[in-house]
Amino acid sequence: MVLAIILVLLVVITVLFTFFSPWWFTPLASNWGTIDDALIITFVITGVVFIAVSLFMAYAIYKFHHKSGQKAKFEPENKKLESWLIGLTTVGIAGMLAPGLVVWADYVYPPDDATEFETLGQQWAWNFRLPGKDGKLGGAAVRFISYDNPLGVNPDDPNGQDDIIIEGGEMHLPVDKPVKNLLRSVDVLHNFYVPQFRAKMDLVPGMVTYFWFTPTRTGEFEIICAELCGLGHSDMRGIVIVDNAEDYAAWLSEQVTFAEMMAPEEEEMPAEELMDEAEDNSTGEGDNE
Amino acid sequence: MSEHHDDEMHEPTSFLTKYIWSQDHKVIAVQYSLTAIAIGLVALVLSWLMRMQLGFPGELEFIDQAAYYQYATMHGMIMVIYLLTAIFLGGFGNYLIPLQVGARDMVFPFLNMLSYWVYLIAVLVLVASFFTPGGPTGAGWTLYPPQSILEGTPGYDWGIILMLTSLVIFIVAFTMGGLNYVTTVLQARARGMTLMRMPLTVWGIFIATFMGLLAFPALFVSGVMLLLDRVIGTSFFVPEIMSLGETLDYTGGSPLLFQHLFWFFGHPEVYIVALPAFGIISDILSVHARKNIFGYRMMVWALLAIGILSFIVWAHHMYVSGMDPAFGFFFATTTLIIAVPTAIKVYNWVLTLWNADIHLTVPMLYAISFVLTFVFGGLTGLFLGNVVVDVPLSDTYFVVAHFHMVMGVAPVMVVFGAIYHWYPKITGRMLHNGMGQFHFWVTFIGTYAIYFPMHYLGFVGVPRRYFSYEDLEFIPQSANDLNEFITVAALIVGVVQIQFLYNLGWSYFKGEKAPANPWKATSLEWQTPQTPPVHGNWGKTLPEVHRWAYDYSVPGAPDDFISQNTPRQPFEKLEEAGEIDPDPTPLYPDTRGHTTAEETS
């Protein structure tokens with residue numbers, strides 16, 4: 001009896017909590033409102049099932065809890081009822097899955113006009129790279145990394161010379177322009193996650209992963225790491241600043257290219273040594289594009 | 001089956017062979033369970049420490065980042081492998097399989113004994129890592145490389161090596177036990193115990209064991225390979241990387257390969273824990289509702305379907321891992337399909353309560369709370385399985401809340417329910433009811449208070465595996481208050497578990513003497529000539545089975561249950577002859593026992 005009341009109470013609390021608690025989606029700042037929609041569809045369908053099953057159980061306990069002289073009804077199975085339930089469940093599942101897959105197709109294939117930028121993660125910092133005027137990122141690998149070349153851009157790749165290197169964990173993006181974020185990691189797994197953008201993806205050493213999004217409002221957003229990456233995991237922060245077109249152009253004009261960065265100290269010894277040493281076990285793994 | 005053989009049970013005579021180096025499945029079951037509970041207590045304490053850091057950051061000064069990640073890693077691994085897997089298969093599997101199928105013991109008793117002792121070694125190796133320089137590994141329970149084997153990760157020196165070694169040893173132990181369980185179910189059933197008359201508990205454990213035998217090898221090889229990467233510098237899982245400012249010697253390995261192998265084991269593992277729980281709960285519900293489990297055959301097929309499907313859903317743990325995202329279409333579809341047989345099980349549990357005669361005993365309270373918790377956790381699993389919905393939620397507290405509901409609280413509810421249910425048979429004494437009721441209410445409401453609100457932190461986007469949330473702008477201040485509340489709830493729930501252990505000990509000495517069949521259950525373990533059952537279980541003659549395990553409240557029967565070894569009754573013959581109302585939906589003959597093949601032979 002008490003149990004039946006408690007079950008009903010739990011359902012009531014669950015519903016009220018959903019509507020009245022202060023904890024809900026962080027306000028959206030990207031095109032991925034469709035992900036929120038797919039989530040809401042899933043939420044509604046599963047919520048109805050939860051309420052129905054819990055209340056059914058509560059009612060059954062209320063109605064059929066033991067009273068003297070009561071006897072259960074012997075009913076091994078009921079084909080018709082079981083078929084109906086299977087059918088309804090299948091419809092509910094399809095109702096969740098179909099919109100989910102449609103949005104996923106959108107997530108997997110970036111639009112043609114998406115411009116690329118690169119995020120490089122390391123314990124515990126973010127660096128970025130833009131392809132520069134030629135629109136192509138130069139090849140890069142861990143073995144090219146040195147004090148002067150923190151992102152490991154291949155110094156011999158002509159595509160890389162005009163790449164724009166952004167150190168210090170602060171990245172700017174233009175508002176309302178789709179971007180494809182190419183992800184590399186220097187050391188361990190990381191995950192690029194801006195809660196307001198919804199989208200996220202792991203950075204995996206040895207390969208280039210990606211996801212895309214379109215920032216839809218200007219402002220400053222925190223990048224956090226969402227894949228355990230060691231002791232500093234919770235302190236691995238960066239910033240994305242979404243600018244309007246003029247601000248973005250102004251910011252971009254202040255950035256240095258890879259060639260400019262390397263120019264004054266190209267022949268420096270330590271970097272050379274590091275490169276030589278690394279060449280011995282070079283496999284081409286991790287080269288970009 | 002010579003009489004001569006039946007007379008000699010080879011009972012052990014000395015204390016050592018009876019309780020320590022025992023080959024009796026019942027003793028081994030208790031050994032397995034007590035060891036699992038003991039190591040589970042370690043996991044419980046670790047969870048308190050983690051919750052202290054999350055609810056009251058900085059209050060306990062000895063918890064730094066390294067310690068926090070070590071607690072998280074060890075808590076997860078202990079709960080999943082060393083507690084839940086061990087107690088369901090090594091504990092309940094060992095105790096219940098021979099008794100429920102009507103066998104004298106497991107078919108390979110010596111191997112069975114070995115299985116326990118090897119398991120104990122695995123546990124000791126794991127515990128040893130707490131006492132090594134650098135402590136246990138803090139790589140997260142998934143042990144993802146490269147991080148898990150890099151210098152700078154807690155437990156780099158010994159922790160990770162001992163963890164992997166312990167896992168490999170555990171799998172050896174499991175394989176010895178597992179082969180035994182499967183063979184016993186297939187070969188040692190009593191006369192008349194057809195597969196479709198077995199209690200669902202046996203079905204659940206049987207299929208789970210089979211899955212374990214297929215899934216654990218994936219963990220075994222990935223464990224060995226990771227160990228080689230760590231110790232002798234092979235590059236199975238580690239590509240060219242730079243750590244602590246130096247380029248390491250690794251080259252060409254794939255971190256994703258480890259993840260695939262890990263989850264190829266890891267997802268079936270969820271069901272290796274869940275299926276025994278499903279089976280046990282079906283039986284507890286049926287017994288205490290005095291009603292046959294609804295849709296028995298569908299329940300068996302659903303178990304089988306879940307078992308098979310669970311091998312092709314693993315990459316739903318990897319939607320944002322960087323694997324080819326096109327895989328998402330396939331794995332989302334298979335994952336949501338598995339919801340259908342799972343839903344069937346839920347429907348049949350709740351339909352078993354309909355038109356029943358529900359006795360709200362402590363095991364029944366746990367069974368019902370399991371259904372609620374499992375429904376909650378199963379439904380939130382659909383969010384995470386539905387690929388694109390997983391994107392914002394993965395690696396947030398929504399995931400933590402989900403898997404604790406579905407794989408933590410739900411199976412633990414079953415463990416409690418099962419202990420309250422079978423304790424009288426195991427010890428000959430009843431557990432104290434008042435303590436049991438108190439334990440139940442605090443645990444049920446407490447765990448809901450812990451994990452239910454946690455889902456909403458996930459909606460906010462609060463990331464998991466964070467030592468602290470300082471200066472994260474998107475997280476509202478109120479989330480800290482919620483974290484405090486959750487911590488307090490967790491501490492309370494934890495303390496009540498100590499009271500449960502006290503009940504186990506107290507009742508063993510002072511509990512009310514248990515009758516042979518206190519719940520008036522039909523299955524064979526309640527029909528043993530002695531309680532607790534002695535070596536060999538059945539005395540001189542093995543039981544003979546004449547019906548399924550769910551003849552509760554059969555129309556025309558004098559009692560509201562007919563045990564499986566009761567021959568066909570006169571009223572049942574009348575029923576067949578059409579002189580009284582037959583079952584509303586007649587079963588296949590071999591399910592309930594209306595064939596006469598065995599009886600006439």
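Me: Where in chain A does A:Trp124 sit?
Reply: A:Trp124 is in the loop between β1 (115-122) and β2 (125-130) of chain A. Keep in mind that this is a predicted model.

Me: What kind of peptide bond joins A:Gln123 and A:Trp124, cis or trans?
Reply: The general idea is that most residues other than glycine have a negative phi, and most peptide bonds are trans. Here, the bond joining A:Gln123 and A:Trp124 is cis, with omega about -5°.

Me: And in chain B, what is the peptide bond from B:Thr531 to B:Pro532, cis or trans?
Reply: That bond is cis too, and its omega is near -5°. As for the setting, B:Pro532 lies in the loop between α16 (478-510) and α17 (570-576) of chain B.

Me: What about B:Lys520, what is its phi?
Reply: B:Lys520 has a positive phi of about 55°, again without being a glycine. This residue is in the loop between α16 and α17 of chain B. With 16 other C-beta atoms within 10 Å, B:Lys520 is partly exposed.

Me: Now a residue in a strand. Is A:Gly238 buried or exposed?
Reply: The idea is to count neighbours: a residue is buried if 20 or more other C-beta atoms lie within 10 Å of its own. A:Gly238 has 21, so it is buried. It belongs to strand β10 (residues 237-243) of chain A.

Me: Which residues does A:Gly238 touch, leaving out those up to four places away in sequence?
Reply: Those residues are A:Trp126, A:Gly169, A:Glu170, A:Met171 and A:Ile223.

Me: Stepping back, how do I read the overall shape of chain A?
Reply: Start with what it contains, namely 6 helices and 10 strands. Its radius of gyration is 27 Å, well over the 19 Å that the globule rule gives for 289 residues, so chain A is more spread out than a compact globule. Along the principal axes, the C-alpha atoms of chain A fill a box of roughly 95 × 45 × 35 Å.

Me: How much of chain A is buried?
Reply: Buried residues are 40% of the 289 in the chain.

Me: On to helix packing. How do I describe it?
Reply: Two packed helices are described by the angle between their axes and the distance between the axes. Take helix α9 (residues 296-309) and α11(B) in chain B: their angle is about 150° and their axes are 8 Å apart. That makes α9(B) roughly antiparallel to α11(B).

Me: Which hand does the crossing of α9(B) and α11(B) have, left or right?
Reply: The crossing of this pair is left-handed. On the α9(B) side you have B:Met298, B:Met299, B:Ala302, B:Ala305 and B:Ile306, meeting B:Pro341, B:Thr342, B:Ile344, B:Lys345 and B:Asn348 of α11(B). By class, the residues of this contact are 7 nonpolar, 2 polar and 1 charged.

Me: At what angle do α11(B) and α12(B) pack?
Reply: Helix α11 (residues 339-353) of chain B packs against α12(B) at about 160°, and the axes are 11 Å apart. So α11(B) is roughly antiparallel to α12(B). Their crossing is left-handed. The contact uses B:Ala339, B:Thr342, B:Val346, B:Trp349 and B:Val350 from α11(B), and B:Val371, B:Val375, B:Gly378 and B:Leu382 from α12(B). Sorted by class, that gives 7 nonpolar, 2 polar and no charged residues.

Me: Last one: how many residues does each chain give to the contact between A and B?
Reply: Chain B gives 100 residues and chain A gives 86. On the chain B side, the largest share is 9 residues, from helix α12 (residues 362-385). That side has 65 nonpolar, 24 polar and 11 charged residues.

Technical notes: Residues numbered from 1 in each chain as written. Chains lettered and ligands numbered in written order. Predicted model: local features only at pLDDT ≥ 70, side-chain atom pairs only at ≥ 80, totals over all residues. Contact = placed C-beta atoms within 7 Å. Helix = DSSP H or I, 4+ residues; strand = E, 2+ residues; numbered from the N terminus. Nonpolar A, V, L, I, M, F, W, Y, C, P; charged D, E, K, R; others polar. Axes fitted to C-alpha atoms, helices over the stretch in contact; angles between N-to-C directions. Parallel < 35°, antiparallel > 145°, perpendicular 65-115°, else oblique. Left-handed = near helix turned anticlockwise from the far one by under 90°. Buried ≥ 20, exposed ≤ 12 C-beta atoms within 10 Å, placed from the backbone. Rg over C-alpha atoms; globule rule 2.2 N^0.38 Å.
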